[in-house]
Amino acid sequence: MGQATGTLVEEAQLSSPQVQEAFGRLRTSVVLYGVISAIVLGTVAVLAFGGQSVTSFMWVRSAILLAVSVLIHRMVVSAAQGSRRAYERVRTLTVILPIAIIGVDLIPGLCPSWFAVMQGVSALALVLAATVTRGAQLRTVFPKSA
């Protein structure tokens, strides 16, 4: 991997134990977000099949947020391989998504409180991921000035 295009970082920087540990924490946070998102979708499915009232909003939002977790995970893998673009996208998404998730959940009457709480818990995993992307280890590998 070379610096020629400005989109990849040097392999030596990526192989440092501190950087690998940071990417490990980032992957764990994103996987946790995905697991919680899957639990939310599963809960919606169980309630629906059990005859409880669920809205199309709950179905669509749960499915989309689960799909987003897969996309973010793929970006984390690309970033761990040196993709600056993937890192920047993960860095941005892990800040914007929790705000959007919680903001939508605060709209009165849009979703039941249990749903909002579960979505909020998933957002906490993304907040943890956001702190990792802004940590010293990854900022050193992906400085803004490059």
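Predicted model: local features only at pLDDT ≥ 70, side-chain atom pairs only at ≥ 80, totals over all residues.

Visitor: Why is H3 called roughly parallel to H5?

Guide: Angles under 35 degrees count as roughly parallel. H3 and H5 pack at about 10°, so H3 is roughly parallel to H5.

Visitor: What makes Trp114 partly exposed?

Guide: Buried means under 20% relative accessible area and exposed means over 50%. Trp114 has 28% relative accessibility, so Trp114 counts as partly exposed. Phe115 has 0%, so Phe115 counts as buried.

Visitor: How many aromatic pairs does the structure hold?

Guide: It holds 4 aromatic pairs. One of them joins Phe23 and Phe142.

Visitor: Why is the pair of Phe23 and Phe142 called edge-to-face?

Guide: Planes over 60 degrees apart count as edge-to-face. The planes of Phe23 and Phe142 are at 90°, with ring centres 6.5 Å apart, so the pair is edge-to-face.

Visitor: What does the pair of Phe23 and Phe142 tie together?

Guide: Phe23 sits in helix H2 (residues 17-49) and Phe142 in the segment after helix H6 (136-141), so the pair ties together parts that are 119 residues apart in sequence. Ring pairs also link Phe23, Tyr87 and Phe142 into a cluster.

Visitor: How do you know that Phe23 and Phe142 are buried?

Guide: The cut-off for buried is under 20%. Phe23 has a relative accessible area of 0%, and Phe142 has 4%, so both are buried.

Visitor: Which residues touch the most other members of the largest nonpolar core?

Guide: Phe23, Leu26, Tyr33, Ile72 and Leu138 do, in a core of 27 residues. The elements giving two or more residues to this core are H2, helix H3 (56-80), helix H4 (84-105), helix H5 (113-133) and H6. H3 gives the most, with 7 residues.

Visitor: What does Leu138 contact, leaving aside neighbours within four places in sequence?

Guide: Among its contacts are Val19, Phe23, Leu26 and Tyr87.

Technical notes:
Residues numbered from 1 in each chain as written. Heavy atoms only, no water. Phe/Tyr/Trp six-rings, centres within 6.5 Å; stacked < 30°, edge-to-face > 60°. Helix = DSSP H or I, 4+ residues; strand = E, 2+ residues; numbered from the N terminus. Buried < 20%, exposed > 50% of the residue type's maximum accessible area, 1.4 Å probe, protein only. Core = buried A, V, L, I, M, F, W, Y, C linked by side-chain atoms within 4.5 Å. Contact = heavy atoms within 4.5 Å. Axes fitted to C-alpha atoms, helices over the stretch in contact; angles between N-to-C directions. Parallel < 35°, antiparallel > 145°, perpendicular 65-115°, else oblique.
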